Amino acid sequence: MTSLTGGCACGSITYRVTEPLQDARSCHCSRCRKVFSAQASAYALVAPGSFEWTAGEDMLTSFVSEAGEGLCFCSRCGSTLAGIVDGKVHGVTLGCLDDADPGVRLERHIFVGSRAAWEPMPQGAPCYDEHAPKDG
């Protein structure tokens with residue numbers, strides 16, 4: 001059984017994922033640049049039922065869109081920890097995992113058509129101007 005752990009920068013919030021991560025991707029849209037304070041996001045999906053907060057859940061805050069999709073943050077240090085859909089954790093940000101090798105590699109770069117002009121594109125994974133075909 002896989003067991004990955006992660007948490008925020010200040011250590012207030014921790015979590016565990018008990019199944020392998022899936023569908024790792026990097027998004028280069030303007031919204032991801034803002035919420036990740038970086039040139040892009042790095043994110044992977046979690047299998048249903050495989051994610052649990054292990055400490056500090058009361059320190060979470062979130063931003064949720066009208067469509068019910070959003071992100072969870074630490075209210076103390078601001079780390080972007082997880083993505084949520086309809087109130088359930090959908091995926092985790094790769095940068096907040098404790099293990100430097102969580103067993104996944106970025107499978108694709110999405111929304112590169114709106115990437116920042118100052119960002120050079122990394123090599124090694126397909127790039128899509130918007131969603132990749134398997135995003136639907």
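Tyr43 counts as buried in this predicted model, at 10% relative accessibility, and the residue has its place in strand E4, which covers residues 43-45.

**Around Tyr43**

- Leaving aside residues up to four places away in sequence, Tyr43 touches Asp23, Ala24, Arg25, Gly83, His90, Gly91, Val92, Thr93 and Leu94.
- The side chains of Tyr43 and His90 are joined by a polar contact of 3.0 Å.
- Between Tyr43 and Leu97 there are 10 Å in space, taken from C-alpha to C-alpha, although the two are 54 residues apart in sequence.

**Salt bridges**

- The count of salt bridges comes to four, and among them is a pair formed by Arg25 and Asp23, whose side chains meet at 2.6 Å, N to O.
- Asp23, which Tyr43 touches, also forms a salt bridge with Arg108, where the closest N and O atoms are 2.5 Å apart.
- Because Asp23 lies in strand E3 (residues 22-27) and Arg108 in strand E10 (residues 108-110), this pair ties together parts that are 85 residues apart in sequence.
- Through salt bridges that share partners, Asp23, Arg25 and Arg108 are joined into one network.
- Arg16 and Glu52 form another of the salt bridges, with their closest N and O atoms 2.7 Å apart.
- Arg16 lies in strand E2 and Glu52 in strand E5 (residues 51-55), so that their pairing ties together parts 36 residues apart in sequence.
- Arg16 is partly exposed, with a relative accessible area of 31%, and Glu52 is partly exposed as well, with a relative accessible area of 37%.

- Strand E1 (residues 4-7) and strand E2 (residues 14-17) run antiparallel and are joined by four bridges.
- Across this pairing, Thr5 stands opposite Arg16 in E2, the residue that also forms the salt bridge with Glu52.
- The hairpin has six residues between its strands, and in it Gly11 takes a positive phi near 85°.

**Cysteines**

- The structure holds zero disulfides; for Cys32, which is in none, the nearest cysteine sulfur is that of Cys27, 3.7 Å away.
- Cys72 is also in no disulfide, and the nearest cysteine sulfur, belonging to Cys74, is 11 Å away.
- Cys32 is buried, with a relative accessible area of 11%, and Cys72 is buried with a relative accessible area of 8%.

How values were computed
Residues numbered from 1 in each chain as written. Predicted model: local features only at pLDDT ≥ 70, side-chain atom pairs only at ≥ 80, totals over all residues. Heavy atoms only, no water. Disulfide = S-S within 2.5 Å. Buried < 20%, exposed > 50% of the residue type's maximum accessible area, 1.4 Å probe, protein only. Helix = DSSP H or I, 4+ residues; strand = E, 2+ residues; numbered from the N terminus. Contact = heavy atoms within 4.5 Å. Polar contact = N/O pair within 3.5 Å; in protein donor to acceptor, adjacent residues only side chain to side chain. Pairing = 2+ DSSP bridges.
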